[in-house]
Amino acid sequence: MKLFKQLHYKNIRAGTTGRNLTGFSIAIAGSFLKKQAGAGFFNGCTIQTHRNMYFKSAFLFLVSLWINKGVLAQPAGKQAQLPADLVAPMVDAANSRFFYFNAATRPFGMVNLSPDMELDGTWNSGYRYNEDTIRAFSHIHCWEMSGIPVLPVTGAFKGHLGPAAYGSFYSHKDEVAKPGYHKVVLKDYGITAELTTTTRVGFHRYRFPAASPAHILFDFTTVLGSAGTQTARVTQTSRHSMEGAVTMAATVRRPKPITVFFVVDFDKDFETFGGWQNGKILPPQQTVAGAHTGVFVSFKTRAGEVRKMKVAISYVSTDEARRNLQAELPHWDFDRVVKESASEWNAWLGRIEVEGGSLTDRRRFYTDLFHALQGRRIVSDVSGTYIDNTGPQPVARQIPLDAGGEPLFREYNSDSFWGAQWSLNTLWHLVYPEVTESFINAFLEMYKNGGLIPRGPSGGNYTYVMTGAAVTPFIVSAYMKGIRGFDVQKAYEGMRKDHFPGGMMSKAGYEHTTFKGGGIEEYIRLGYVPYPLSAIKYGYHQDGTAQTLEYAYQDYALSQMAKALGKQEDYRLFSKRALNYKNVFNKDIGWMWTKDHAGNWNQPVDVLQYEHGFVEGNAAQYTWFVPQDVKGLIELIGGRDAFTGKLNRSFTEARKHGFVSGKSENPKDQELNRRVYINYGNQPCMQTPFLFNYAGKPWLTQYWTRLLIDSVYSGISPQKGYSGDEDQGLMGALAVLMKTGLFATNGGTSEKPFYEITSPLFRKITIHLNPHYYKGKTFVIRAINNNDQNRYIRSATLNGKALNQPWFYHETLVNGGELTLQMGAQPNKQWGSRPGQAPPSLSSQTVEE
């Protein structure tokens with residue numbers, strides 16, 4: 001610990017923003033780890049000289065403190081396993097969306113380099129484990145963004161004939177995928193391809209057979225994910241380099257095109273530079289430009305010859321792409337980058353240490369955490385430049401710099417934070433608070449540019465994905481937990497705007513040109529959003545009852561921020577609006593239901609009908625969506641026994657179909673599958689098992705969460721894992737929380753945030769806290785006698801004192817300490833069962849008039 005105290009936080013200052021992403025030197029930590037973990041593993045893990053290394057992480061050092069414990073503990077003579085060694089990137093790789101799968105990427109990396117088997121489509125595209133042909137290695141896999149597909153080939157050139165002609169067979173037997181690295185063998189060409197990355201640069205290493213000629217092609221005629229390639233321009237700049245730009249077309253979600261600028265360096269000269277357009281090879285020329293084009297370089301190879309290629313990207317300019325390359329990858333040492341990537345992943349993953357469970361349990365845990373840290377991507381450059389697409393034309397802008405000339409935060413590309421109150425709010429704010437802070441500053445930067453806090457920015461565009469003011473709980477929860485390195489008054493101003501006409505609550509999903517589909521005027525006037533809102537569909541998800549429930553929760557979150565800031569009038573206003581959930585509860589049927597403009601309940605009643613007033617869910621699922629006031633909901637349903645009976649029956653029914661809605665491409669089967677009471681394949685009812693904690697039966701929370709883990713979030717099969725849609729970290733983060741036994745139904749948005757308790761999966765969990773934000777060093781959760789049979793909490797102590805309730809305050813956790821749970825095979829129905837032991841709710845509070 002003496003060494004720990006001597007380390008200098010040279011990049012950390014109180015109140016600064018997310019660019020100060022902790023502060024110990026990777027050189028020191030890497031050296032310490034190297035001594036602990038055994039010679040060879042960290043060779044080459046010296047401190048990177050570029051100024052924008054995303055994490056100069058204190059937690060590399062903290063990982064070293066437990067290198068010989070927990071998941072790292074191995075029998076004598078066996079090499080220790082670090083967290084990145086346990087990640088299984090292939091989990092659910094047979095399913096999901098274009099952006100889901102990545103191995104060769106850094107945490108939140110701009111470049112996400114992986115093989116693509118299917119190129120066209122938002123769903124069922126990208127890496128597809130069950131497909132046998134690789135058609136490209138592309139560099140961008142993120143929310144509505146894609147770009148720069150390449151493939152090395154040999155023999156007669158077929159690039160101009162399209163991916164169906166030049167794709168190659170491969171085998172999983174020859175494949176290696178781990179955090180920061182991917183290896184495949186292109187069988188049709190006898191090429192071994194290895195991929196790794198820095199944050200903004202893709203690094204390729206190809207081992208060729210004897211071939212004359214061999215080629216590396218860049219195909220700018222393809223659709224990648226949801227975006228078609230609009231046009232490209234590529235120029236040969238030397239015998240071993242080229243640069244260019246490719247414009248990816250607008251999509252239904254991202255309303256404006258986005259241009260990806262890139263530079264490519266090869267470690268050896270190529271012999272020729274060529275191109276094609278409209279399926280025909282072009283005469284030799286230095287620049288290839290236009291629609292339906294591609295380029296290639298050709299050369300001869302000896303048997304076993306290795307060639308390397310670096311591809312750096314920027315959304316601003318080729319100059320910025322070149323700066324990214326020079327800053328992040330000035331050398332050609334491929335193995336060094338692989339090791340540095342593993343080192344960085346270990347630093348991030350190592351903030352949570354787990355002991356116990358099976359090896360598969362631990363592998364799946366770190367796979368879940370891996371997903372929680374990579375789906376949402378950096379889109380700003382090393383210098384802090386980024387593209388703003390909120391106006392009529394794209395504008396290059398600059399993130400503010402600190403005194404040392406480094407960006408204060410990053411800009412991001414991100415799917416919606418819809419449902420993040422039950423996942424990212426809790427995980428990031430607790431374990432990665434600097435990430436939270438960086439994201440909030442990015443939201444506020446977009447607010448400054450475009451006038452609204454986004455709920456899912458893509459390519460500098462507003463996408464208006466999903467519904468409501470989904471970012472409000474994220475920001476409020478951060479503030480309540482002491483994460484305040486942002487302009488708090490500006491954040492409140494922007495959030496408040498989103499809760500009124502002209503803000504995010506005015507817009508339904510992907511409503512790009514109007515402010516009508518959100519129904520906020522009706523919500524304010526009537527106390528609910530009618531269904532149907534109008535005969536016109538302004539956007540997706542014009543589902544009034546779900547919108548009402550979401551708005552009421554988000555209003556509660558904003559009320560708590562208003563109270564904390566001394567804005568009493570707003571506090572009273574939003575607290576009152578937070579009770580609007582009561583206006584869509586139909587007492588006659590005992591479920592949330594839809595109302596028309598006149599206040600009449602719609603007929604016929606079918607609580608299992610998908611959507612029709614409920615966003616990606618149904619009435620049975622949304623009835624439980626009152627995270628701000630579970631006590632009030634219990635009273636509406638008829639008391640604690642009626643509440644728990646109804647909820648328990650819902651889970652009992654859901655268990656019959658594995659707690660998810662199933663998978664089918666057939667619309668009729670989809671409709672049938674979606675008629676379920678609980679669906680853990682989507683966000684709307686992620687909080688449901690924790691509601692038993694509020695109703696005096698916490699043992700049912702413990703029972704159902706462990707069954708959910710077993711059924712939905714267990715195993716490392718490529719065929720399943722997240723029910724087909726992991727949603728950029730939302731499901732990964734949720735699984736991590738369930739397995740640690742911590743949750744926050746209201747997303748941590750109350751004035752005094754708290755955590756609810758359930759049965760953890762492991763016998764010991766250690767959370768290493770970021771000392772820049774929290775004064776405690778670690779918080780330990782210890783589950784005595786925990787195993788598959790002993791799933792129930794018999795008793796608990798918190799920092800040595802008896803804990804007789806299934807929750808405790810965030811402040812207690814971040815001051816450091818230990819929660820000890822005595823586990824058993826039978827529930828203790830007295831523990832945490834009294835009304836006064838339930839977690840706080842809005843109805844427990846008194847709103848000052």
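1. Of the 849 residues of the protein, 66% count as buried. The model is a predicted one. Its accessible surface comes to about 27,800 Å², of which carbon and sulfur atoms supply 49%.

2. The secondary structure consists of 22 helices and 35 strands. Among the contacts in the protein with a separation of 6 or more, 72% are between residues 24 or more positions apart.

3. The largest nonpolar core comprises 216 residues, and Phe137, Phe218 and Trp428 are those with the most contacts inside it. Helix H21 (residues 730-740) gives the largest share of this core, eight residues. Another core, of eleven residues, lies apart from it; Phe203, Ala312, Ala321 and Val337 are among its members.

4. Neighbours within four places in sequence aside, Trp428 is in contact with Phe108, Ala372, Leu373, Arg376, Phe417, Pro433, Val435, Thr436, Phe439 and Phe474.

5. Phe690 is found in the loop between helix H19 (667-673) and helix H20 (698-712). Although placed in a loop, Phe690 is buried, because its relative accessible area is 0%, and the cut-off for that class is under 20%. With residues up to four places away in sequence not counted, Phe690 touches Thr701, Thr705, Met738, Phe743, Thr745, Glu756 and Thr758.

6. Helix H15 (residues 568-577) has Asp570, Tyr571, Phe574, Ser575 and Arg577 as its buried residues. Viewed down the axis of H15, these residues fall within an arc of 160°, and they therefore line one face of the helix. Glu569 and Lys576, on the other side of H15, are exposed. The cover over the buried residues of H15 includes helix H12 (488-498), helix H13 (520-526) and helix H14 (544-564).

7. On cysteines, the count of disulfides is zero, by the rule of sulfur atoms within 2.5 Å. Cys142 counts as buried because its relative accessibility is 2%. Cys685 is likewise buried, with a relative accessible area of 1%.

Technical notes: Residues are numbered from 1 along each chain as its sequence is written. This is a predicted model: local features need pLDDT of at least 70, side-chain atom pairs count only at pLDDT 80 or more; totals for chains, interfaces and linings use all residues. Side-chain values use heavy atoms; hydrogens and water are left out. Helices (H or I, at least four residues) and strands (E, at least two) are DSSP runs, numbered from the N terminus. Buried means under 20% relative accessible area, exposed over 50%, partly exposed in between (1.4 Å probe, protein chains only). Contact means heavy atoms within 4.5 Å. Accessible areas come from the Shrake-Rupley method with a 1.4 Å probe; for residues, only the protein chains shown count as cover. The arc is that of the directions from the helix axis to the C-beta atoms. A nonpolar core is a set of buried Ala, Val, Leu, Ile, Met, Phe, Trp, Tyr and Cys residues joined through side-chain atoms within 4.5 Å.
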